[in-house]
Amino acid sequence: MSEFTFLKGSEDWWRQAVVYQIYPRSFADANGDGIGDLQGIISRVPYLKKLGINAVWLSPFYPSALADGGYDVDDYRNIDPRIGTLDDFDQMIDALHAEGIRVIVDIVPNHSGSNHVWFQEALKSPKGSPARDRYIFRDGKGEHGEIRPSELASHFGPSGWTRIIEPDGTPGQWYMHLFASEQPDFNWDNQEVRDDFLKTMRFWSDRGVDGYRIDVAHALIKNLANGHLPERQSYDLSVMKKDGSDDLFDRDEVHDIYKSWRKIFNEYDPPRMAVAEAWVWPHRRPPYASTEELGQSFNFDMLGAGWDAAKVRDVVRLNLKTAADNGTSTTWVLSNHDIIRHATRLGLPNDLDVAKWYAKNRFDPHVNVEQGLARAKALTQALLALPGSTYLYQGEELGLQEHLTIPAEQMQDPQFFRNPDVGLSRDGCRVPLPWARSGQSLGFGPGGSHLPQPAWYVDYSVEAEDGFAGSTLEFYRRALSLRAGLVCEEKWHEVKHWFNSNVLHFKRPNGWQSVTNFGSKPVKLPKGEVILLSQPLVGGKLGPNTTVWIK
Ligand code: NOJ
């Protein structure tokens, strides 16, 4: 592995970075087995370079039974053989670093996969053994222990407990899992668990990884003292306690863990960064993002803002203030592997409960695709002009829509199977990328595609968009290249745009301005040179669903 000079001394590279999320199984497949791999990523480094991103974040690529798309990790310090080898990983890091692209990997500390050697050992070991203590095993209630220990539901529904068969062949204890039953929760009071994650951080940092995305970072510590067991039915933020005393999430004690991780991160030059996936109340985000802990925490607030100028403005104000008050930078997110692509979301009516809508309409979903894409580009452009880092999800640069009609028999997402009444699957945003107009997997690889690609994917392929003025891909390339030249101090100034409440207008200290029209009527442009439009002007004015950058 080589050390690159650009990495030295640039401790703050992440503060205003554009980070591109790769879902490895669905990005590019070099060996033709229908599953994306590390050699596939290597082959697309020129594409990533040309796109103009600063870093990639790779969703899990570890050995896994794929009960939850790889978030069921069976070995934290290895690569799924279907995805590659550690040598491929080193090659990939070198190829990305050589182009100045940093690498963030996903760490999944709340639970392992059920094929992890520790869980398998726990199953074979007796009740009360040190092997069982690494997870959360409890006796069931009822005369024969046949009733689950508590009413806890899993995030994917229904139960958060699964009963095991003991080594002697009889039904025995139960183990807790906040997600699928193939994802047993670790017991973070166990020192071996803590030490093992420190080892994992060192392992990847030594290989040159620049940062970490921490999966459900707020869940590690549960209230299990004195025989207490959480009874949670809903995972909605609204039921989470706001003061660090919740039974399941965001407990104050979790911060000791991240303080210990920071010590490891700071042993490296530059220090490794991390970003918490912590669905917590906004006022509870700062400690995760502090320089004593992970450094950054995702702000998912934009997902709830829809296409509403006032809501977007509130989210921007709140997050920039919180970040500034706490010495970190914020993170803008519109899409990832867990949520309906924003080009589709924004093509649905504002304030729609998407899960309910989908449960009713899943066999014939209607989306205003044109409006969705226009709004998606406009909102993305506005966020790219703000201080903070922006996390992009693979395929959004093509304007990809959600694939909403994957046949049930081809679904993979446990959320779909464990919650059949809703039917909402995350597979629709995880479909392998279309790189070409033809071929059995549209250039994803020489073989097939592990999730079906819809026919309309052809029009969103890289081949269909590369070099075509007006394509979404060329729009993203231009936006990122302009952004690279314009990023400045982490300050912004909100402009009252003729008191039009449907307009979001702000300036950066170097004079860079962004104006977004959320309304239905065209608005006048401020003075200055127009450098980027998400859609052409309408009669010299900024049309609805459009953002302009002005210098
Ligand atoms: C959050 C991840 O983003 C999601 O994909 C996964 O299902 C859960 N955490 C459980 O690991």
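## An antiparallel sheet

Two strands are said to pair if DSSP finds at least two bridges between them. In this model, which is predicted, three strands form an open sheet in the order E4-E6-E5, and their pairing is antiparallel. The edges of this sheet are strand E4 (137-138) and strand E5 (161-165), each of which pairs on one side only.

Between E5 and strand E6, which covers residues 171-176, there are four bridges, and these two strands run antiparallel. Within this pairing, Trp161 stands opposite Met176 in E6.

## Strand E2 and its parallel partners

Strand E1, made up of residues 18-22, is joined to E2 by four bridges and runs parallel to E2. Here Ile22 has Leu58 in E2 as its bridge partner.

E2 is also joined by four bridges to strand E3 (residues 102-107), and this pair too runs parallel. Leu58 stands opposite Val105 in E3.

## The packing of helices H6 and H7

Two packed helices are described by the angle between their axes and the distance between the axes. For helix H6 (residues 191-206) and helix H7 (residues 254-265), the angle is about 30° and the axes lie 10 Å apart. Angles under 35 degrees count as roughly parallel, and H6 and H7 are therefore roughly parallel to each other. Their crossing is right-handed.

The residues that meet where these helices pack are Arg194, Phe197, Leu198, Met201 and Arg202 from H6, and Ile257, Ser260, Trp261, Ile264 and Phe265 from H7.

## A buried arginine in a loop

Where in the chain is Arg285 found? Arg285 belongs to the loop that lies between strand E8 (273-276) and helix H8 (286-289). Is Arg285 buried or exposed? Buried means under 20% relative accessible area, and Arg285, with a relative accessible area of 9%, is therefore buried.

When its neighbours within four places in sequence are left aside, Arg285 is in contact with Val280, with the residues Ser297, Phe298, Asn299, Phe300 and Asp301, and with Asn319.

Definitions and conventions
Residues are numbered from 1 along each chain as its sequence is written. This is a predicted model: local features need pLDDT of at least 70, side-chain atom pairs count only at pLDDT 80 or more; totals for chains, interfaces and linings use all residues. Side-chain values use heavy atoms; hydrogens and water are left out. Axes are lines fitted to C-alpha atoms, for helices over the stretch in contact, and angles run from 0 to 180 degrees between N-to-C directions. Angles under 35 degrees count as roughly parallel, over 145 as roughly antiparallel, 65 to 115 as roughly perpendicular and the rest as oblique. A crossing is left-handed if the near helix is turned anticlockwise from the far one by less than a right angle, and right-handed if clockwise. Contact means heavy atoms within 4.5 Å. Buried means under 20% relative accessible area, exposed over 50%, partly exposed in between (1.4 Å probe, protein chains only).
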